[in-house]
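Subject: Structure handover

Hello,

Here is the structure I promised to pass on. Please open it first, then read my notes below.

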2 protein chains.
Amino acid sequence: MENRNRTEIATLGEFGLIEKLTADITPTNESTRKGVGDDAAVLHYEGRETLVTTDLLLEGVHFDLTYVPLKHLGYKSAVVNFSDIYAMNGTPRQITVSLGVSKRFSVEDLEELYAGIRLACQTYGVDLVGGDTSASMTGLTISITCIGEGIAGKIAYRNGARENDLICVSGDLGAAYMGLQLLEREKRVFAGEKDFKPAFDNREYLLERQLKPEARRDVVEALDKAGIVPTAMMDISDGLSSELLHICKQSHTGCRVYEERIPIDYQTALMAEEFNMNLVTAALNGGEDYELLFTVPLSLHETVSAIPGVKVIGHITAPSLGCCLVTRDGNEIELRAQGWNSLAEE
Amino acid sequence: MENRNRTEIATLGEFGLIEKLTADITPTNESTRKGVGDDAAVLHYEGRETLVTTDLLLEGVHFDLTYVPLKHLGYKSAVVNFSDIYAMNGTPRQITVSLGVSKRFSVEDLEELYAGIRLACQTYGVDLVGGDTSASMTGLTISITCIGEGIAGKIAYRNGARENDLICVSGDLGAAYMGLQLLEREKRVFAGEKDFKPAFDNREYLLERQLKPEARRDVVEALDKAGIVPTAMMDISDGLSSELLHICKQSHTGCRVYEERIPIDYQTALMAEEFNMNLVTAALNGGEDYELLFTVPLSLHETVSAIPGVKVIGHITAPSLGCCLVTRDGNEIELRAQGWNSLAEE
């Protein structure tokens, strides 16, 4: 936010600012009938279900602008909402973006933020169709709502897991959390130091997972291509443990997941060692992975295992058996919904 | 927020809090297929257009909790979104509610806020289908998104006004702004005084307009009953001048509105006199009226005039004539988009 042109937001006013930020935004989805510029956007879903999800991001709580570039923040804010729509086995189509902005931010800052949001929209084929921009007393507030579409009968809820279903997860877990630890460490080291160079070499994957996560559209498309409708699905935002407990609670089941099967990247493991942290704890409770956690009938074992980047990590059980992690030495540990917030406070 | 049971939000945690606030919420709209409790809500609009609008409300900017009760705040936050959907000639069906809450607020406070939101939903037949609740560093942040439905061909945009169309407005204007002035004055008088009793006698209408506004569903329904589809429509949130300029800009027209026809309540007029303020300025720029401003073809003069609470205040002109208020003495004054924010700063 330094060494650049700085235009005060007050010079444009609210309407001028919105016009500037949303200039040349042209809807690409057939379902977007009318975007920015009226009391409401107009959408049309012929014979489809409409999906709606929303997220509120507050400076100092959900993001720290000392190490998160505004463009990345915009990208991530949009992508985490797309991820929620994919987690229903749907396709994101439109978003609205509301911003609360203090005087600290210039028009150029907001253009950076919007550049990230627009890049995400472009990458995922989503239209920006409205929002609200206003002054705030302190900091930056971002509220994004995403609308998507799904096909009746193919929407994946949290409550559809059945006994003996396979528990699957995409990608790898814990990297975003390790990326956050790394950024926090470098921030502490940096404090007060001149000419500081953060030690990020060979850690690019962890940083990318934290700063510029992607939603697993590819996995949803691969499942569809393979003719699989998951019995239950969620995206992993609060951590594998927390999400598994949501699925089991809503489906009235128990589960067993196996420590040895939890997918973890090599860089995540190295970093955990360096930080002297428990690797499995980070993978179970780290959060912000935005990978997909889903269940499929046992009969689909071969089909689902053949999908690149998808791993079977356990199975659904009767509710009486509870929700446990089976460790490498065969012990069963009850899963706890620790979530990344409480973890960060330890 | 005093003298009541106080449960710290931390004792419930995020999921516990959401469960408590959304307990026994049962969808009533046919279009709500799945509400709170999954990654996204699922809606279904058979053969209808979907409308989406969103609002962000920040403590200290959009509301002042020293004189706004939380229940009223909840009610108003929801209603202003419904108003945007009605302003498209649509019907609100679902809302999502995102809250950012600092430690100052207890579970009971949020229950008050939700009681207002739920009352609004009940009154207008809207389902609460999702949201996001998180901690904030300071103050209260409320982000509401409303989804509604409209009939293709009957949606009223801002850009459809045509030369010679009649300009109509519902209810009366300026009262909400006067209510705000009254509350601000009593707040200043109150500062430091013990046993203070605010002077609100015979001002109930102004307070109600500010604290508990209603959306004009009745007017939208009456228009439909009369077979009228407005050529353009908006709700008046920033003030009549500002909204008129939006319609004229987007419709590429000018307009003439007549000072003597602008509907103003008796209490509003009295209060303006007491405050020594220009009454017409308050009615033109006061804002937060949430009345409907719309245009209809000249041929519908009789039909539209017969609708209770609707008044014809002027007409649309060629763009070259500009946008003017015709005063009682026949002068033309150009309309300016002052809006209520800048007005408040004077």
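By what turn and what shift can chain A be laid on chain B? A turn of 180° with a shift of 0.0 Å along the axis does it, at an RMSD of 0.0 Å. That is the relation of a two-fold axis. The superposition is by least squares on the C-alpha atoms of residues with pLDDT of at least 70 in both copies.

Some ground rules. This is a predicted model, where local features need pLDDT of at least 70, side-chain atom pairs count only at pLDDT 80 or more, and totals for chains, interfaces and linings use all residues. Residues are numbered from 1 along each chain as its sequence is written, while chains are lettered from A and ligands numbered from 1 in the order in which they are written.

**Between the chains**

48 residues of chain A are in contact with 48 residues of chain B. (Contact: C-beta atoms, placed from the backbone, within 7 Å.) S3(A) gives the largest share of chain A's side, nine residues. By class, that side has 20 nonpolar, 18 polar and 10 charged residues. (Ala, Val, Leu, Ile, Met, Phe, Trp, Tyr, Cys and Pro count as nonpolar; Asp, Glu, Lys and Arg as charged; the others, Gly among them, as polar.) 100% of the interface residues of chain A are also interface residues in chain B, so the copies meet through the same surface.

**A sheet with strands from both chains**

Helices (H or I, at least four residues) and strands (E, at least two) are DSSP runs, numbered from the N terminus. Strands pair if DSSP finds at least two bridges between them. An open sheet of six strands runs S5(A)-S4(A)-S6(A)-S3(A)-S2(B)-S1(B), with mixed pairing. S5 of chain A and S1 of chain B stand at the edges, each with a single partner strand, so one side of each has no neighbour in the sheet.

S3(A) pairs with S2(B) in the antiparallel sense over four bridges. There, A:Glu49 stands opposite B:His44. Within chain A, 10 bridges join the antiparallel S4(A) and S6(A). A:Leu99 stands opposite A:Ile142 in S6(A).

**Within chain A**

The domain assignment gives domain 1 (9-150) and domain 2 (166-345). Such bounds come from an automatic or database assignment. The contact between them takes 15 residues from domain 1 and 18 residues from domain 2. Helix H2 (residues 70-86) supplies the largest share of domain 1's side, nine residues.

Best wishes

How values were computed. Contact = placed C-beta atoms within 7 Å.
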